[in-house]
Amino acid sequence: MRLPSPPGPLHKPVSEALVEFQKAKTKFVNTVNELLAKGDPGVDVAFLEGNLLPMLYNPLVQDVVPSVQVAALDALKTLTSSTERAGDELTAPEILQNLVASLRHENRRVIISGTCALQSLAAKKASHAAAIVDSGALVPLRALLESFDVEVKESAVRAMTALADAGEGPKEALLDDATLEALVVNMNAGDSSIALRTAIARFFDVCSGYGAGSAARVMDSGATASVAALARDAASTHAAGGASPKSRAVAFACLAQMARHGDHLAAAVVDAGAVPDALAALIDAEHAGVREAAAAMAREIASKTPELAEAVAADGGVAALVQNLRLERGEQRAILSTQTLGFIADFRPSFAAAAVGVDQGRCLVEAMECAADGDASIAAAWAMGCVARHGQESAAPLARSGAIKVLLASYVNPVVSDALRDRSKATLKALIRNCGDLALIEPLVSDATPPVILRHVLGEFGEKLAADVGAKRSFVTSGGLMRLQGVLKAHERGLEDAAKAIEDAKKTGDAPPPPHEGLLDGRALKDAKSINSNFPPEVVSYYLYC
């Protein structure tokens, strides 16, 4: 009788079989990732139809070899990012627990791949994010914030950001005091990388976007100063990892989101010392994204109160905004600095004068001339109106810089929107009323000027011409008096043509034409006659009949 072999190491054939099995698993998951990396939707469908998911989340995600787990988690991340169907299957409670378990693994690569898979799952669909929260994943995610591995912490924060971005429920679950404190501690830690601090700032940005209450909770944790410090540090080549334009842009965007929701929140951003850094970023010629985010922050602050507008405008703020508009010439981003100058100017006459003090308002005129779209044009017309409404000190520089011409061209353009036409008209009226120099509006005395604008021009001349000898002389020598007679003749022709059309309709039995009051209404006609009364009758007759 044959005796059994004594206890000892595995037989060589058994060992070889196990090794081959492990090699086959590794080859399989690597091949899956290689095929998924091609980005072919047909491959994704084929894998799903071939029941790949159960193979990944059941044996492979729980494999004893970390490299196999990592590859399986990476494949799940790719599939969930490309199709909702994969996420719908993975969010079944018993299956989702396999992914959450990876967050407690001893191997850092497994943890990072697990957080990335959960991030992809949460970002795809709000119900997926809710399922992750219900699975208890927030407990291990929060624990990862205490890891000594910076990359592990960064991956955890990115997953938390995707969850917070998915909806009010997940955001509320994350926005507790302990989590906020841990995030701020990591923001302020000397060994935290710029990348980790940027990821945390992005989380704060997303949470602040839900409204004043959420923004206040974030800011009460001390996040404002931490984000402001990131904006400053990311500009320095001496910072850990070197200068990072992307991190600066994220920081300024977060601060803009914080400031957006209320006066006291905007004041807190100012108190954090963020404004000087934002003004410096406005003139960063190399990085458009940084300029855009900084301009958004400046706009949110300047729009709130006179004191906050002054905080932006002071110490070279207006000059920075003007230079920013030159850098953004013709770009949609220009709307941000345009609106900021408008908000600043709108509060006080002194602010309006300061807004045009750098370049006589030419930057606003060019912002409208080179506007990227209708919204940018409306913003420029509105900003010029904010400047012009305060009086001569601010309106005259704009008029001398060509604002009247560009606004009139916009008003008569048949293809512009009603909103732009109305805004152009309102600003034109403010400029005509407040520019304080009849010579600046004298070219508008013409039958080519739209009647609604011409009436305001004649009103200004009718009121002010009699007391200004120089203006009367200029009105004659510049051709204004001659053009005024042309206006009167055009008015009379219009009335005659309207009367004739009525008579013709009576003879033919056609419906009468709509009423026509002529080029001038009663008040404008009275103003025109008042203007003529300032000159000898023979001079007026000469120009009327020549």
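**Helix packing and the nonpolar core**

The crossing of helices α20 and α22 is left-handed in this predicted model. Helix α20 spans residues 306-313 and helix α22 residues 334-347; their axes lie 9 Å apart and form an angle of about 125 degrees. On the α20 side the contact involves P306, A309, V312 and A313, which meet T340, I344 and F347 of α22. By class, the residues of this contact comprise 6 nonpolar and 1 polar, with no charged residue.

A second pair consists of helix α28 (residues 418-434) and helix α30 (residues 451-464), which pack at an angle of about 10 degrees with 10 Å between their axes. Since angles under 35 degrees count as roughly parallel, α28 and α30 are therefore assigned to that class. Helix α28 contributes K425, L428, K429, I432 and R433 to the contact, and helix α30 contributes V452, I453, H456, V457, E460 and K464. The residues of the contact between α28 and α30 divide into 5 nonpolar, 5 charged and 1 polar.

The largest nonpolar core of the model contains 176 residues. The residues with the most contacts inside this core are F203, F204, F252, M258 and M297. For F204, when neighbours within four places in sequence are left aside, the contacts are with L180, L183, V184, M187, V218, A223, V227, C254 and M258. In soluble globular proteins, nonpolar side chains tend to be buried together.

Methods:
Residues numbered from 1 in each chain as written. Predicted model: local features only at pLDDT ≥ 70, side-chain atom pairs only at ≥ 80, totals over all residues. Heavy atoms only, no water. Axes fitted to C-alpha atoms, helices over the stretch in contact; angles between N-to-C directions. Helix = DSSP H or I, 4+ residues; strand = E, 2+ residues; numbered from the N terminus. Parallel < 35°, antiparallel > 145°, perpendicular 65-115°, else oblique. Contact = heavy atoms within 4.5 Å. Nonpolar A, V, L, I, M, F, W, Y, C, P; charged D, E, K, R; others polar. Left-handed = near helix turned anticlockwise from the far one by under 90°. Core = buried A, V, L, I, M, F, W, Y, C linked by side-chain atoms within 4.5 Å. Buried < 20%, exposed > 50% of the residue type's maximum accessible area, 1.4 Å probe, protein only.
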